[in-house]
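This report describes the architecture of one protein chain. Please consult the sequence and the structure shown below while reading.

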Amino acid sequence: MSKATFDPTRFNNSKNTPFNEVMDNHLSRRNFVKRGLGLSAMTAFGGFGLSACGSDNDTVADTPTTPTTPTTPTAPTKSSAVLGFESIAGSKTDAVAVAAGYSAYVLAPWGTPLNSKAAAWKADGSNTAIDQENSVGMHHDGMHFFPLNDSADDGLLCINHEYIDQDALHPTGPTFDTDGKRTVIDEIRKEINAHGISVVRIKLVSGIWKVVENDSHNRRFTGATVMDIAGPLAYSSYLETRYSPDGSQARGTLNNCGNGYTPWGTYLTCEENWPGYFVNKGTLTQEQTRIGISTSDTRYGWSHLAGDDDERLDEFARFDVTPTGSSATNDYRNEANGHGYIVEIDPYNPNSRAIKRTALGRFRHEGCAFGKLEEGKPITFYSGHDSRFEYLYKFVSDAAWDPADANSTNRLTVGDKYMNAGTLYAAKFTEDGVGEWLPLTLDGVTADGSTLASSFDSQAAIILNTAGAADLVGATPMDRPEWTTVDPFTGTVYLTLTNNSKRTDGTNPANPRLNNNFGHIIRWDEGDTVTEFSWDIFIFGSPADGDAETNLSGLTDLNQFASPDGLAFDQRGILWVQTDNGASEVTEETNDQMLAIVPSTMVDADGNQQVVTAENQTQLKRFFVGPNGCEVTGFAMSPDYTAMFANIQHPGNWPYSDRADEETPAGTTVRPRAATVMFIKDDGGEIGV
C-alpha cells in the first residue's frame, strides 16, 4: 500500500466511493429495489438476544445463562408494543427531564466504592489511585445488565468508562514540571484506573435499585489490567513486547465506548479512540499512520513522567511506542498493537481474565451486536469504526451455532469457539439499495483486481491494519459509523451514523448533506449469501425548522435530534435512540436525549418496512433529556422491563442529589459525576409502554 498524504483530521485517505455519492443515487426514490433481498417485515425471527451492544446497545431478553431457543416458524413478524408515554419537550436544565409518570434516580456514579479497599468518593478530588482502582470508573458509556439466579431484581451491571477529566479527577488538576512532564505517579495511576470497565452488583430494595458493596462479583478492569490475546494476532511477532515477549498478553483496555454481549452470557467492551494514548516520536509504521497514532504526545502525558527509573520504564514508558531497543522484546514498539479490539469479559466469574478477540478486527470499535441466531449456522457480529469516512464491519464465525452453548458455565471457552476463527468483512454500499460484504482475507479481491495477499503476508497482518485492508478492497467511507442493533422481530440491523462535518464533496438533491452535522440511521437485511445485503435510510437527524432538503423525516419540536449515537432494541421491539449532539441548531433547543420508536409496526400493505417521514414521525417520541453539558449513552433493562438504566456522561453541574430529575439550584456548583441513572414507572409497570 502506498502512503497517501496524511490529514490529521481524516485517517482514511483512500479514494473509495463516499457514502454520500451512493446515497445520491439511492434516496431519490426512498424505497427498495429488492433484487431478491429486500427489507421486509416478513423476514422475521424471534427468540433470544438479537439486540445491539448497548452504548449504545444493550437490551435484556432472557437470562443470559438460560436463553430461549432460536426462531420458530410461528414467531411473530412484528412487535405488539405501543409506546405509552407522551413525547416531552426539549430541556436545558441541570437535571434529567423524563416523561410524565416516570421517576429517575442516580445509581453507581463515578467513585462509588465497590469494596472495602476504597474510601468513599470525595468531592474535593483527593481520592487516591487505590481508591479509584476499587471504585466505579469515570465517564460511563456502554452498559449491559446480567441477571443473577434468574432474578429480575438482582444482577450485574457492566459499565464502560470511556475517558477521564483530569481537572475533575484531581484536586487542582494534573501536575507537570517546567518541561511539561508529569511528576506525580499516583496521579497517573489514578487516571489509568479511572478507565476501563466496572462490574457492579445491584439489587432491587424497596422498589429502588442499589449497589451491593463488597460483593464478590464487584470488580474493575482498568487501563493496567492484564488481559489475554486470542485469535490471529495471539503469539504473533506483532504483539511481542518487553512485558509479553511471546505476544500472548496486553496490559489494560482504554477508551471503552460502545459495548455488546454474547448469547452465552459474556460482556463485550469496545476499544474506540485508543490511538491517542500512544506516541511514536520516530517514523510511523503504515498501520500507525492509518489508524492515527500521534507523533507528538499522548492524550494525558502518561509516557512523560519525569525521571527514568525502572518503575517508569515498565509502567508508563509503554505508552511511548518509539523503537529504542535492539528488538521488539526490548522495548514497547508493539504496545499499541495490543489495543483496538473487542474485549470479552465473563461477569459471572470474578476470577476470570478478560480476553481480546483479535479476529473481529482492529480499529476504533464502536459497539458490537450479534445478528440472527440459527442453529447450525454461523454467528455474525457487527461493529462500526467511529471516525469520519470510516467503515462498517461484520465478522462471521467459522463455528456453527449450537443453542446448548447458551447454557455453558465455561463462557470464555465458548467465546474461543465462536470468536477466534471466522471471516471479517467490510461493507460496500452500492446503488439501488443493494450492498456487498467484502472479505478481508488474503484471497480477498482488491479494487484494482489483485488480492490482499499482494499487500499483506498473513491474516494477522490484515487484522493489524484492518482499516488499511478495507481501503484496498473498496469499502464505503461512512459518516462516523457507531452503534449497531438488531430488531428482534424482523432481524433488520440498524446503525447510527453520527455526523461528519468534514464531508464537503458531492451533492445530493434529496439530501444535500454536505457538512453533515445531524447524522442519520441506516438499516439493512442480510441476503441469501454471506456477501449480500439490502439497505435504506431509516431516519435523518434534523432541527425541527430545517428546510425540506434537511428535515427529510419531518421532525418536530417534540422529536428533533442530531448526532444519533447509542442505539438499542429491547426484546419487545422498541428501538431506543440516544444522542451525542454537536449541532447548535438542536442544542439551542434541547440537551442530549433518548427517543423511542417501534420500527416493525411501520409497514405498508405489502409488509414492507417504512422509513420515518413527515406522515409517521409522531411514532418517534422523546423519552428523556439529560442535564446540561452531558452525553446520553449506555442502555440496559431489567428482565421484566420495570427498570431502565442509562448513563449520563460528562454532565456540567449535576447530580445535585440521589434524584436524577432534581435540578441543581441556581447559584449552586457541584463537582460533576458521570453516573448510571435508573428509570422506573411510578405505577410499577413496564418502561415505555
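## Basis of the report

The structure is a predicted model. Residue numbers start from 1 along the chain as its sequence is written.

Nine strands form an open sheet in the order 14-15-17-18-19-24-23-22-21, and their pairing is antiparallel. Its edges are strand 14 (365-370) and strand 21 (481-486), each of which pairs on one side only. On average, neighbouring strands of this sheet are turned by 30° against each other, direction ignored. Within the sheet, strand 22 (residues 493-497) and strand 23 (residues 520-526) are joined in the antiparallel sense over five bridges. Thr496 has Ile521, in strand 23, as its bridge partner.

Helix 7 (residues 411-419) lies across strand 15 and strand 17 (392-400), and runs at about 110° to strand 17. Helix 9 (residues 466-473) packs on the sheet, where it touches strand 15, strand 17, strand 18 (422-429) and strand 19 (434-439). The direction of helix 9 makes about 100° with that of strand 17.

In soluble globular proteins, nonpolar side chains tend to be buried together. The largest nonpolar core of this model has 80 residues, and those with the most contacts inside it are Phe278, Phe381, Tyr393 and Leu440. Helix 8 (residues 459-464) gives the most to this core, with five residues.

Which residues is Leu440 in contact with, leaving aside its neighbours within four places in sequence? They are Tyr393, Leu424, Tyr425, Ala426, Leu452, Gln459, Ile462, Thr466, Ala469, Ala470 and Val473. A second, separate core has 33 residues, among them Leu83, Ala99, Ala568 and Ile648.

Helix 4 (residues 185-194) is mostly covered, with seven of its 10 residues buried. The buried residues are Glu187, Ile188, Lys190, Glu191, Ile192, Asn193 and Ala194. Their cover includes helix 2 (129-133), strand 4 (154-161), helix 3 (166-169), strand 5 (196-205) and strand 7 (219-221). Just after helix 4, Gly196 takes a positive phi of about 105°.

## Asp386, a loop residue

Is Asp386 buried or exposed? Asp386 lies in the loop between strand 15 (378-385) and strand 16 (388-390). Its relative accessibility is 5%, and because buried means under 20%, Asp386 counts as buried.

The side chain of Asp386 makes a polar contact with the side chain of Arg480 at 2.8 Å. Beyond its neighbours within four places in sequence, Asp386 is in contact with Glu272, Asn273, Arg364, Glu366, Arg480, Pro481 and Glu482.

## Salt bridges

In the whole structure, a search finds 25 salt bridges. One of them joins Asp154 and Arg201, whose closest N and O atoms are 2.5 Å apart. Asp154 belongs to strand 4 and Arg201 to strand 5, so this pair ties together parts that are 47 residues apart in sequence. Asp154 and Arg201 are both buried.

A salt bridge also forms between Arg251 and Asp314, with the closest N and O atoms 3.4 Å apart. This pair links distant parts of the chain, since Arg251 is in strand 9 (residues 249-251) and Asp314 is in helix 6 (residues 310-315), 63 residues apart. Arg251 is buried, with a relative accessible area of 8%, whereas Asp314 counts as partly exposed at 30% relative accessibility. The side chains of Arg357 and Asp416 likewise meet in a salt bridge (2.6 Å, N to O). Here the linked parts are again distant: Arg357 is in strand 13 (residues 355-357) and Asp416 is in helix 7, 59 residues apart. Arg357 is buried, with a relative accessible area of 0%, whereas Asp416 counts as partly exposed at 32% relative accessibility. Finally, salt bridges that share partners join Asp154, Arg201 and Asp215 into one network.

Key: Predicted model: local features only at pLDDT ≥ 70, side-chain atom pairs only at ≥ 80, totals over all residues. Heavy atoms only, no water. Buried < 20%, exposed > 50% of the residue type's maximum accessible area, 1.4 Å probe, protein only. Helix = DSSP H or I, 4+ residues; strand = E, 2+ residues; numbered from the N terminus. Contact = heavy atoms within 4.5 Å. Polar contact = N/O pair within 3.5 Å; in protein donor to acceptor, adjacent residues only side chain to side chain. Pairing = 2+ DSSP bridges. Axes fitted to C-alpha atoms, helices over the stretch in contact; angles between N-to-C directions. Core = buried A, V, L, I, M, F, W, Y, C linked by side-chain atoms within 4.5 Å. Salt bridge = Lys/Arg side-chain N within 4 Å of Asp/Glu carboxyl O.
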